[in-house]
Amino acid sequence: MAIATRSPLRLNSPMSRPSLYNSQRRVFFQSHAWFRAQPRTKPICASAIKAEAGAQKEDIVIVGAGIAGLATAVSLRRLGIGSLVLEQAESLRTGGSSLTLFKNGWRVLDAIGVADSLRSQFFEIQGMVVKSEDGRELRSFKFKDEDQTQEVRAVERRILLETLANQLPPEAVQFSSKLAKIETSENGETLLELTNGTRLLAKIVVGCDGIRSTIAKWMGFSEPKYAGHCALRGLGYYPKGQPFAPRVSYMYGRGLRAGYVPVSPTKVYWFICYNSPSAGPKITDPILLKKLAKELIKNWPPELLKLIDLTPDETISKAPLVDRWLWPGISPPASAGKVVLVGDAWHPMTPNLGQGACCALEDAVILTRKLADGIKSGPESIEGALRAYGEERWPRIFPITIRANLVGSLLQWDDPLVCSVRDNVVIPKLVRLGSMLEHTNFECEPLET
């Protein structure tokens, strides 16, 4: 189906937006009687309430307009299913720097029709080089030598979000809409109360509200666990053109690593990851962040220091690295009734494999297919469709989360002897890039009506 682009995003009134029912003779939701209340086998921490008069009624509400939320909304729209996306910020959260997408992420972006516009803006990364902190090259790889189908690009988060949002009608994203409370109504629908007092009654709720997800907490998930290291990130800007070849450059030290990768002709993404016994205080002052970054790598190759100096203040950030291991039989399932989690809200993972955004994109298309099939089958099939999504995704998500954590732990070694073995034996002689990237294999057919 043809997806219309739109003008720049604007704030939307929560009570004035038109219905999102599909208008192309594919009416999936006929009335609120379409659903029947389903008893829970394991009650979660929420009170059953009566649906209050005056609540805004919606079919599908997606909480969070990040990568997971917007990709889910776009995927649903491609199958003719409308949704309302709630975002707590006043506009798209376009701050931050860049993220790396491997071929599995690009398969999804192809499936939802936005990949080519992004490809035209960002370099394809040809390979990677690994160096010690003194600049000595330990190993280099070319991605196509390991896998002819591999595709790696660093993408600006801002442009990715704007590209996804522009596939939706303006009224589909409602800003300044922070979730305050979530409850279950007597008929099995979900009441969402926002901090501004707005109430929405939703047939299906998709939680895409990130690593500190309110919905995940409501469903009984534990807080993500700190992995023992923090990351500084930024996006260096070279107005006359950046000088680097299209490859990822990694540098490993003791309890410290750094890297950079060209994003476009004028921009280069960089990161520094360092061990810390605690997450420490939140720092947002770019002057302090740049000072910390330069202090950490003061004796490292000078191109890193120059990158930091050339980084606009609004692109530099610091974050503790966290994850959540979804142990079978211990962690709650991905869905509870007609509420389901996607992306970081369900499975936050450390960035050591570059799979956080890729897995969120995978979640979006898998959930969309399951949900569309469930809707076609009737109201009694919705909860089963959401369970099927979780059951399909868990065997993939759980091992990737663990593997990312273990890779990070190995790369953050600080023992001098262990680091010497890593630099002189493990990386030069034992590492095989092909096997390390097997998790990027993912087949995804186009989403079409």
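Tutor: Gladly, and the basis comes first. This is a predicted model, in which local features need pLDDT of at least 70 and side-chain atom pairs count only at pLDDT 80 or more, while totals for chains, interfaces and linings use all residues. Residues are numbered from 1 along each chain as its sequence is written, and side-chain values use heavy atoms, with hydrogens and water left out.

Student: Why is Cys444 called buried?

Tutor: Buried means under 20% relative accessible area, exposed over 50% and partly exposed in between, with a 1.4 Å probe and protein chains only. Cys444 has a relative accessible area of 15%, and therefore counts as buried.

Student: How many aromatic pairs does a search of the whole structure find, and why is the pair of Phe244 and Tyr260 called tilted?

Tutor: The search finds eight aromatic pairs. Rings of Phe, Tyr and Trp (its six-membered ring) pair if their centres lie within 6.5 Å, and planes under 30 degrees apart count as stacked, over 60 as edge-to-face and the rest as tilted. The centres of Phe244 and Tyr260 are 4.7 Å apart with planes at 50°, so this pair is tilted. Phe244 lies in the loop between strand E12 (225-237) and strand E13 (247-252), whereas Tyr260 belongs to strand E14 (residues 256-262), 16 residues apart; both residues are buried.

Student: What makes the pair of Tyr250 and Phe271 edge-to-face?

Tutor: Their planes stand at 65° and their centres are 6.2 Å apart, so the pair is edge-to-face. This pair links Tyr250 in strand E13 with Phe271 in strand E15 (residues 267-275), 21 residues apart. Tyr250 is partly exposed because its relative accessibility is 22%, whereas Phe271, at 14%, is buried.

Student: How do you know that the charged end of Arg153 sits over the ring of Trp106?

Tutor: The test asks for NZ of Lys or CZ of Arg within 6 Å of the ring centre and within 35 degrees of the ring normal. The charged end of Arg153 is 5.6 Å from the centre of the Trp106 ring, and is listed as sitting over that ring.

Technical notes: Helix = DSSP H or I, 4+ residues; strand = E, 2+ residues; numbered from the N terminus.
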